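Q: Can we go through this one together? I'd like to start with the charged pairs.
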Amino acid sequence: HRARMMMQAFEFMTATKIVFGIDTSTTVPNHVKDLGIHRCVIVTGARPERHDALVQCIKDVCASTLIVRVPSEPTIDMVREILQECRHQGDGDDKMNGVVAIG
């Protein structure tokens, strides 16, 4: 007879859209526009200069951007700090209204 395995309850939350694969970075600015993002938080890894061309393309379609560099695997505390920083950027319609994470 098979042993009954108990699974612990958990929640899984994910992004609105995940785009990955060869050459998909060229589609990101269109996704940003389609989602109505006009004030964008751009999250990069330890070396954001690796993504200068993509960051510039996003800046070209947004009224404003905030670059956040995450030097290591993000922790919950890091995410909370980033959210707090974003909440202090502008007010009303000037608040950040989207996130693009690269890497």
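Q: How far apart are R80 and D77 in helix α3?
A: R80 and D77 are three residues apart in helix α3, so about one helical turn separates them. Helices here are DSSP runs of H or I with at least four residues, strands are E runs of at least two, and both are numbered from the N terminus. This is a predicted model, where local features need pLDDT of at least 70, side-chain atom pairs count only at pLDDT 80 or more, and totals for chains, interfaces and linings use all residues.

Q: What do the side chains of R80 and D77 meet in?
A: A salt bridge, at 3.6 Å from N to O. The term means a side-chain nitrogen of Lys or Arg within 4 Å of a carboxyl oxygen of Asp or Glu. Side-chain values use heavy atoms, without hydrogens or water, and residues are numbered from 1 along each chain as its sequence is written.

Q: Are R80 and D77 buried or exposed?
A: Both are exposed. That is over 50% relative accessible area, with buried under 20% and partly exposed in between (1.4 Å probe, protein chains only).

Q: How many salt bridges by this rule?
A: Two. R47 also forms one with E49, with the closest N and O atoms 3.8 Å apart. E49 is partly exposed, at 46% relative accessible area.

Q: Switching topic, which elements have the lowest and highest mean pLDDT?
A: Helix α3 (residues 76–87) is lowest at 84, and helix α2 (residues 52–61) is highest at 95. pLDDT is the predictor's per-residue confidence, from 0 to 100.

Q: And what pattern does the protein follow along the sequence?
A: α-β-α-β-α-β, with three helices and three strands.
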